Amino acid sequence: HYLKNIEDKQSLNAFIEVYKEEALERAVQIDEKIKTKKAGKLAGLVFGIKDLLCYQNHQVSGGSKILEGFESQFTATAVQRLLNEDAIVIGRQNCDEFGMGSSNENSAFGHVKNAADESRVPGGSSGGSAVAVQADMCLVSLGTDTGGSVRQPASFCGIVGIKPTYSRVSRWGLLAYASSFDTIGVFAKSVADCELVLQTIGGHDPNDATSSREPIKPVLVTKGKYKVAYLKEALSSEGVQGEVKDTLKSTLAQLQSDDHTVEAIEFPLLKHALPTYYILTTAESSTNLSRYDGAHYGHRSAQSEDLESMYKNSRTEGFGDEVRRRIMLGTFVLSADYHDAYFKKAQEVRRLIKDATEKILSEYDFIVIPTSPTTAFPIGANDQNPLQMYMADLFTVQASVSGIPAISIPMGKDQNNLPIGIQVMTKAFEEDKIFAFSKYLM
Ligand code: GLN
């Protein structure tokens with residue numbers, strides 16, 4: 001069923017590679033296991049992986065030309081944990097190069113189309129992973145979310161996307177973009193599927209020293225009354241589409257009519273969240289991407305005369321415009337003359353945002369805001385204007401800067417029938433609460 005859909009919907013460009021024979025073979029083996037009652041708890045679950053996750057003896061490219069021909073020698077922990085439970089991996093999915101983008105227009109493998117309207121972007125950077133679930137090419141996808149790359153495409157494609165707490169899921173086998181922000185998240189059509197997969201991939205991993213030892217909580221069943229805050233800015237900002245505001249309002253009204261407490265709060269630091277995010281992530285990415293030097297992995301320029309021109313030419317030929325822009329920005333903010341003015345300052349502001357967010361969450365169970373200020377925009381609308389593109393992340397970066405979990409759930413449609421996602425955030429490691437609340441909301 002899924003292979004047929006992948007075949008029929010090739011124009012969406014969601015997959016870079018499909019593991020057809022392998023997936024079918026594995027399905028037959030798992031059928032045998034089911035007969036003998038030896039199958040794992042996710043037996044037969046078909047999932048796809050964003051092309052930033054390693055899978056042993058398979059290519060991984062990060063949506064970039066620079067990794068041309070590179071095969072991974074090991075499997076990412078998150079992928080392995082699903083395989084251990086007899087899930088089936090069906091292929092690797094298109095994405096913005098190294099996770100940098102909000103529209104999936106920055107891929108060396110061409111842009112991805114939104115299945116709700118093929119003239120629109122699917123969001124990014126995990127656009128292929130979102131569309132694959134949206135268009136029934138797999139049941140769930142593993143994406144990555146550094147500043148919104150699971151939540152925003154989930155919102156644009158009308159599905160569920162969870163960014164877990166930072167460190168909840170091991171980053172072993174994930175191509176690094178910004179290490180202090182990167183998380184592996186899950187796309188599915190239902191909250192319950194996201195939860196099942198996150199419970200399987202989460203938990204400490206000796207291969208990633210930053211992965212948390214906090215135990216995974218069981219599924220929470222609750223009918224309690226919650227205290228919910230929403231940011232006033234979401235309803236007052238001019239840049240937020242009217243229908244997105246309406247969807248937030250109707251979600252809040254639903255909560256009130258069910259006797260939950262709903263209060264508007266101000267979050268004046270919101271306007272600093274985007275600059276903070278883009279200074280810190282470009283800095284981290286300029287460091288992380290220095291490993292792609294033409295010597296160690298993938299593409300090496302044929303034009304080189306000496307070591308320096310080999311580095312320069314390989315990187316110039318291998319990286320796309322957005323990645324180069326970020327490497328230059330990141331190198332600048334880390335440079336000796338500007339480090340204190342930009343990088344250090346941004347780290348201080350990050351702490352302020354995190355503290356202020358945690359303070360809100362000490363008084364409220366959840367913060368509810370739109371996932372994105374707009375619905376899916378037309379392909380090509382923002383691709384010449386990086387600042388406009390960065391605005392798409394206005395509401396998603398707060399959770400990333402703070403390291404807390406956040407989910408996007410489909411709650412409405414605009415007049416063009418494009419999906420609108422609402423985002424729910426809560427305290428670190430309280431994914432169980434987010435899932436329970438989201439099931440009730442949806
Ligand atoms: N759009 C954001 C960026 O370009 C988020 C990307 C992500 O979460 N990987 O950085």
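Guide: Two strands pair if DSSP finds at least two bridges between them, strands being DSSP E runs of at least two residues and helices H or I runs of at least four, numbered from the N terminus. Welcome to a predicted model, where local features need pLDDT of at least 70, side-chain atom pairs count only at pLDDT 80 or more, and totals for chains, interfaces and linings use all residues. Residues are numbered from 1 along each chain as its sequence is written.

Visitor: Which are the edge strands of the sheet?

Guide: The open sheet has 11 strands with mixed pairing, in the order 1-3-2-4-6-5-10-11-9-7-8. Two of them pair on one side only: strand 1 and strand 8 (261-265).

Visitor: In which sense do strand 1 and strand 3 pair?

Guide: Strand 1 covers residues 15-18, and its E17 stands opposite R92 in strand 3. Over three bridges, the sense of this pairing is antiparallel.

Visitor: What is the handedness of the crossover from strand 2 to strand 3?

Guide: Strand 2 (residues 46-50) and strand 3 run parallel, joined by five bridges, and V46 has I88 as its bridge partner in strand 3. The chain passes through helix 3 (residues 77-84) in a β-α-β crossover. With the strands pointing away from the viewer, a clockwise path from the first strand over the helix to the second counts as right-handed, and this crossover is right-handed.

Visitor: How many residues of strand 3 are buried?

Guide: Buried means 20 or more other C-beta atoms, placed from the backbone, within 10 Å of a residue's own. Strand 3 spans residues 88-93 and is mostly covered, its buried residues numbering six of six.

Visitor: Which residue of strand 4 is the bridge partner of G48?

Guide: Strand 2 and strand 4 (residues 140-145) pair in the parallel sense over three bridges. Within strand 4, the partner of G48 is S141.

Definitions and conventions
Buried ≥ 20, exposed ≤ 12 C-beta atoms within 10 Å, placed from the backbone.
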